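The following paragraphs go from the overall fold to one helix pair, then to one helix and its surroundings. Please keep the model in view while reading.

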Amino acid sequence: MEYLSSTQTGSAHANARTIRARYEKWYIFHDTKREARKLGIPYGFVADPLGPGVERCYALFEYARSLGREIAYMRTYARAVNAEGIRSETDAGLRVIVERAGLDWQTAKTRLNDESWREWAESNRKAMYECGLWGVPSFRYGTVSCWGQDRLWVIEKEISSRRGSYLPRPLTPPGIRFRTTAVHDWL
């Protein structure tokens, strides 16, 4: 019998994580594209904002909120990175987003080093993990959780069962699985 060394098993686990990360990335892309198509929202020319792009977005969120522009900012950001290929990790790309959202770029630039968002982001991450979830879009109703808009039927079924009988019609109109305050409502 042959045993794998800890180096070999560690490498195998790293490869499995890489494969899962790739699968999840494409799942998110296709899930979002399907829902965007249903709602007539542009999507597909994506400049992946994960990492520095998202961090810069979050750093400016409080500035946008202080002016009552947080929804405009998030809608603009989501459309720019998900439909127009604007790279938010660059000053040039983020400036376009900030100005389209009705914010002042010079003021925004001074707030890019704001790290206060890390506290609420970590709190949200922990709450998701406690529910057995790991990212967006995640949904929870009572003790039932699901991930992905294509699984909202799980939540709908739980709502129906709590009413004591299965609903004679879907909770949502045909062609629309659910209307949430997720990114597609901000676009």
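The description begins with the chain as a whole and then turns to local packing.

This is a predicted model, in which local features need pLDDT of at least 70 and side-chain atom pairs count only at pLDDT 80 or more, while totals for chains, interfaces and linings use all residues. Residues are numbered from 1 along each chain as its sequence is written, and side-chain values use heavy atoms, with hydrogens and water left out.

The protein chain contains 8 helices and 2 strands; helices (H or I, at least four residues) and strands (E, at least two) are DSSP runs numbered from the N terminus. Their order along the sequence is α-α-α-α-α-α-β-β-α-α. Of the 187 residues, 33% are buried, where buried means under 20% relative accessible area, exposed over 50%, and partly exposed in between (1.4 Å probe, protein chains only). Contact is taken as heavy atoms within 4.5 Å. Among contacts between residues at least 6 apart in sequence, 51% join residues at least 24 apart.

Two packed helices are described by the angle between their axes and the distance between the axes. The axes of helix 2 (residues 52-66) and helix 6 (residues 117-130) come within 9 Å and cross at roughly 110°. Axes here are lines fitted to C-alpha atoms, for helices over the stretch in contact, with angles from 0 to 180 degrees between N-to-C directions. On the helix 2 side the contact is made by Glu55, Tyr58, Ala59 and Glu62, and on the helix 6 side by Trp117, Arg118 and Trp120. By class, this contact has 4 nonpolar, no polar and 3 charged residues; Ala, Val, Leu, Ile, Met, Phe, Trp, Tyr, Cys and Pro count as nonpolar, Asp, Glu, Lys and Arg as charged, and the others, Gly among them, as polar.

Helix 7 spans residues 152-162 and includes Glu158. Its buried residues are Leu152, Ile155, Glu156, Glu158, Ile159 and Ser160, and they pack against strand 1 (138-141) and strand 2 (144-147). Leaving aside neighbours within four places in sequence, Glu158 is in contact with Tyr141 and Val144. The C-alpha atoms of Glu158 and Tyr141 are separated by 7.6 Å, with the two residues 17 apart along the chain.

The cysteines remain. Cys57 is buried at 2% relative accessible area, whereas Cys131 is partly exposed at 27%. The structure holds 0 disulfides, a disulfide being a pair of cysteine sulfur atoms within 2.5 Å.
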